[in-house]
Amino acid sequence: MTATLNRPEVGTGRVVWFTGLSGAGKSTLASALYEELTARGVPVELLDGDAVRENLSKGLGFSRQDRDTNVRRIAFVAGLLARHGVTVLVSAISPYADTRREVLNGLPNPTEVFVDAPLEVVTQRDVKGLYLRALAGEIPHFTGVSDPYEAPETPDLHLRTDRIGVEEGLGQLLRHLGYEA
């Protein structure tokens, strides 16, 4: 006798996908939203690109293929969690528009949030000096410098972090997601 798996109804949770350059504020905004939703009793998980790369995608490099593999792995985990009623916050550069569209189209209730700051601003925010090293040619395949970042043309929410602070960004996120700010 073959057992039938009863899968949870797709769409019970949601995925909020934060994309943008390194230093734009993705992790900061996702963390602020995580804290707020947790305080409200919302089942929420945060998948940060750096943590995922260290734990789920260790060994991947920064070629287009490896970056796409990393994004697809993040999306797979996010989809599993969302199907179980979790609001999943993904903070990942995810530089290629077609790969982002592909994974977002396969996720339950996706929201694409473009966290946007110009290269000059993210370079100033970079305490590790990675942008300066990349601009000097010392770091190959650095997104936004020697590798492309394809900004979303029509994101669900566009947050210009060079013009707004964390509190205002959090307020816009909460309103967009249907929570009172």
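Trainee: At what distance does the side chain of serine 94 reach the backbone oxygen of alanine 92?

Mentor: This is a predicted model, in which local features need pLDDT of at least 70 and side-chain atom pairs pLDDT 80 or more, while totals for chains, interfaces and linings use all residues. Residues are numbered from 1 along each chain as its sequence is written, and side-chain values use heavy atoms, leaving out hydrogens and water. Serine 94 sits in the loop between β3 (87–91) and α4 (97–105). From there its side chain reaches the backbone oxygen of alanine 92 at 2.8 Å.

Trainee: Is serine 94 buried or exposed?

Mentor: The unreviewed UniProt entry annotates Ser94 as "active site", and such annotations may be inferred rather than shown by experiment. Beyond four places in sequence, serine 94 is in contact (heavy atoms within 4.5 Å) with Trp17, Thr19, Val71, Arg100 and Tyr149. Buried means under 20% relative accessible area, exposed over 50% and partly exposed in between (1.4 Å probe, protein chains only). Because its relative accessibility is 3%, serine 94 counts as buried.

Trainee: Which exposed residues lie on the face of α4 turned away from its buried side?

Mentor: The buried residues of α4 are Ala97, Thr99, Arg100, Val103 and Leu104. Their cover includes β1 (14–19), α3 (64–82) and β4 (110–116). The face turned away from this buried side carries the exposed residues Arg101 and Asn105.

Trainee: Which residue's backbone oxygen lies 3.1 Å from a polar atom of the side chain of lysine 26?

Mentor: Lysine 26 belongs to helix α1 (residues 26–39) and is buried, with a relative accessible area of 8%. Among the residues it touches are Phe18, Gly20 and Val115. The backbone oxygen at 3.1 Å is that of glycine 20.

Note on methods:
Helix = DSSP H or I, 4+ residues; strand = E, 2+ residues; numbered from the N terminus. Polar contact = N/O pair within 3.5 Å; in protein donor to acceptor, adjacent residues only side chain to side chain.
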